[in-house]
Amino acid sequence: MDDDVISIASSGDGGEDRRAILDPVVRRVVDALGGFEDGVYRMGDEAVGCLRDLKKLWRLDDSDDERTVARIFWETRVLSNDLVPILLATAGKGLVDDKRAIACADLMTAMTWPIDMAEELKELDDARDKGTDYTELTFSHLNYKAALLKPGVMQALFGIILPPLSKPVKERSERDGQLVNVILHLVRNLAFIKDLPVNLHLSGDRAEYSSLQTKLIKVYSETSMLDLLLTIASNNDNDPLFNSFNTLVLEIFYLLFRGLKPSTLVINQTKQPTQDLRRLLAAEDRRKRDAARYASSRHSQFGTTLTVQLNPKRKTQDTQDMHEESQGPAPTRPLVLHRQAAISKESGDVLDIAKQHKWKKTNKVDELTREDNLSTEARMVLQGFAREFVESCFNPFLASLLRDIKSERPKITEKDHLRLLYTTKWLLEFFLLSRSRENAADGPRKWSLGLVAEVTDRSWIVWVLRRMRGAMDEKPKMWTELQAGIECLTQLLLLIDTMSSSVISDSNLDEAARLLQQQLIYNGDVLDIALDSLRSFKEGTQSLAYLNASVYLAYALLRMLEKWGKQNSGAMYVRKKKASKKKGKVHGVTENDGVPDVEEEVVDEDSTEEVIHETMFTFEAFEMKFAHSDVTRTLLAYLSRYKEFDSPELMTRVVNLMHRQAVKVKAEGLYFNVSTLQLFKTILDDQRSLPKEGPYKDLVRLLTFILRRFFKALNEEPFLAMEALYPMNRGHWKQYSSWEPEQTSGRIREATEEIRNSSTEVQVKKGYSWSEQIGITVAALIEDGKTELVEWVKDILVLVICHRQRVVEETDQKDRDDDENAEDAPGQSIGPSKEALSKFAEYAIPYINDEHADAATKNPTLKLMFRLLGFTIEAEDAEELQWVVPAKIVPSVLQSAHDVVDQYLRNPIDLEGKKARELITKKTRRRRRRRSLTPNTDVELPDDEPKRRKAKMKREEKTYKSAQFIEDSDEECGDMEAFLEREKALRERTAKAAEESGRIATMRATGTKKRRKKAKDDSGSKRARTTSPGPGGDYYGELVVNVDSDDSGTASDDDPILRSLRSSRSPTPPPQSIPAPAPKPRPKPRLVQKKSSERRPIRISSDSDQEPLLQQPPAASRSQPKRRLVLTDDEM
């Protein structure tokens, strides 16, 4: 056959024309291959050329979505009628190097290549490929699989692959590697083809297609193909040819293991049929009991009609009105039920049967695995194969794959990561289950933990966490790979828990387990993944296997952390990475992203260092994070499938997590919801049919506890009946739970608020107007990808404007209608009246979701926007800041702010090439300085001033430290009795003097208030008055010089009462010698502060260098204090 025929066939247009051209060509080539004669296949003279032409024709389907050539090959049955006989006639008889055998193997590999249905359907054209059907092609693969599993075929293929592998490494050629590649891909293709589901109604030919996987595993075992795969997996480091096929071998392992669970392989396979029969009989008996509870009686053929009367004591408004009109008993509306189930079931449940149920989006069971119908013999083969793999190949095989992944080999694809995660998880689970079934009393365990030591290596854990972070960050998220990572991480935690178990007495293993636990906790990624996987589950988005994996990871992690916390009382820290601005591009991600020991990241010189904060880890605080409405929703979705649980372990996990929420964390309010209570009621109604294991009994007790709490809270707060109709999110559950906030001292609260303010408050650099600051803030939010926050701010402004404008219209509309000249007045601006302003109320900004609440509390740029708009904070020390729009802001101001924000959102501000972030800086807190002397003072500090200050501080410290040794004593007071006698005599003399004078003893003879006469003019004034403004612009005192003064302000010395008081005082010791009286000196001026109700201290210091002791007016109105200089007669 020439190449001209192929070129003509490839030029056909349209599906029908293409088939009309290719069909006769393909059939002629197939006929030329040969045929059966007297039961023996006879090859044609040009068999080798025909095989090559068939391969060229097959390649025409690369550009054909209809797969025309593949359909023609299936119709001619070329594989079963020609290729298999030619292979058996050549390679089956020892001619392994025959070109015809190799060509047949190549064509078989191409014809059984897996069909990716999802990708094929995406590439279809809606108009051209409207009638494309892949059912025929899928069924053809099942027929090919059955044909290749005939006796002798797999032995012939194994004979082709064996000679290239037996050659020494230096003697192998490129063709040898291609032969091995073709045969291994054919082995992979056969394992990929999925059997038909088991169906008793299928014909005999179709029933064979539901057990092909069992036959395939047995054939692989008989032909030593599984031993060949183990050899390739265990010698990756020694042979470069084997290393080039490690990803292909990994895919084969994945396809063989994904058909069944590890728990079904660890048990004795000879007893498996008996256990399956017992399990099926128990399930059937349970269904019969459930049906018997609600079964109809023998009289059901006559039908059933029941009348249900509502509670007559409960009267609605309509029945009360009717009762008042008729003055008779209030009637009730009867309900008629025509179902016999109403006799035993509640009336409400019978009424719900007739209601139209809302369609719910179905969940996928599992996207990673499939269910293969394997026989006992096939299970035993896989059991032995898995044991052999763990004992001989696990560590070297994983190490070679991880090296290729880190080296970024071209053979590594995205799907290889998924397969490696799932295969590792499967083998780890198989290892742990098999090891747990070994009896330690019989002697040393056969399976040591060193067989799977590779998964505890730091580089392996780093890679797993990195893949999981990448799956979470993808848009859309890669839920399937994330599920595989969660399952693999769960098995790793169980392995670490086994290493630290008390059953193992090896101190090295215990130390290694403790170190791994500390590194996982310090890294923090495992903690975040366990929480985020539960919170991110949504029914219909992820599969049920993802739900089960998320619950299992949280259960295993909390158990491990609780156990670790009891054994280790020391402080543990968790690192939190803070996103930093990077000027350069990161070269690569190092292992520090996983379980870090030393921070060593390779970045460009221009990039900034990553900031890592360390916070103390406590198990109670981490457990409190699970008290979230999203976590509760996930647990309830898991619990709602309680009838599908096939193991008590599944119920144990969800009951444990719910118990932590409702009892340990005291967040039972999360379950105070109508739909949740309905689920609890359903479970309690079915508790008779539940299994008798302990987890189910614990579930009933837990549900009873939550229901009691609910009705107790409902009794205390009747409004809970309305709140139960809505989700208990955003902390609303706290007010109905027994949870109490942690009590913190005022000093700690102030320190926390100070840290928050100093670290998150920002401001725009000086030199910009108010509108420009708004524009810079809007630009900064847009740069951060927070445009939705700007739109949210606009929505807030619109709502407040509309609300306050409505108040103005309702209040001022009548006044404006009555005032006819209001519109005629030129230049008159109509604004809200005082009455309307008084009706304005503060508007608390509502947070629609958690993102808005977090941004309003933690985003410094959004908080700057709020402050620029005039918004205020209700409580500064609250965990979640509540912003309010003050009542004093009128609608016109809000409208102007809205216009400015909208303008800069549509037309960003021109910053002349700069970024908005460069114009925003952190607020600096004003620090208090030491009190210092004013620059104008002439006082100079001595040289030993620092020494004196230190000495003074030491004296104060000694005084404080010695305070605890001071005891109460009356020794310093002298003789108390003599003191009391003197006081008594003083009182008697005072009373006697008061009786003689007729006045109160403590009253002076004359008043003490100094009166001054108003001067007629400045020149004739007897006192000169000078004033100067203080620092705040106020006059604190007067500076007055008294030239002459009278004695009106002094007390008379002739007062007998005062003379008596003076004489009663203890006499002062007389001086040694009394000098001659000196002449009276000229009086010196004395500063006297003006008497006022508020005393202000006079300080000789600079206002700029110290904080005022009392709150002073602004700097613009400061003035020097008024002082008065008074000369009294006593000084003259």
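**Overview: the whole chain.** Welcome to a protein with 42 helices and 15 strands; helices (H or I, at least four residues) and strands (E, at least two) are DSSP runs, numbered from the N terminus. This is a predicted model, in which local features need pLDDT of at least 70 and side-chain atom pairs count only at pLDDT 80 or more, while totals for chains, interfaces and linings use all residues. Residues are numbered from 1 along each chain as its sequence is written, and side-chain values use heavy atoms, with hydrogens and water left out. Of the 1132 residues, 39% count as buried, that is, under 20% relative accessible area, with exposed meaning over 50% and partly exposed in between (1.4 Å probe, protein chains only). The protein exposes about 68,900 Å², and carbon and sulfur atoms supply 50% of that area, computed by the Shrake-Rupley method with a 1.4 Å probe. Among contacts (heavy atoms within 4.5 Å) between residues at least 6 apart in sequence, 76% join residues at least 24 apart.

**Close-up 1: the largest nonpolar core.** Here we look at a core of 205 residues, where L87, W460 and F680 have the most contacts inside it. A nonpolar core is a set of buried Ala, Val, Leu, Ile, Met, Phe, Trp, Tyr and Cys residues joined through side-chain atoms within 4.5 Å. This core draws at least three residues from each of domain 1 (16–122 + 132–184) and domain 2 (224–270 + 365–442), with bounds that come from an automatic or database domain assignment.

**Close-up 2: the surroundings of W460.** Leaving aside residues up to four places away in sequence, W460 touches L398, L402, L420, T424, E454, V455 and C488.

**Close-up 3: a cis peptide bond at P476.** The bond joining K475 and P476 is cis, with omega about -5 degrees. To find P476, look in the loop between helix 22 (458–473) and helix 23 (479–499).

**Close-up 4: D38 and its positive phi.** D38 is not a glycine, yet its phi is positive, near 60 degrees. The residue lies in the loop between strand 1 (34–37) and strand 2 (40–43). D38 is exposed, at 78% relative accessible area.

Close-up 5: With a relative accessibility of 31%, S224 counts as partly exposed.
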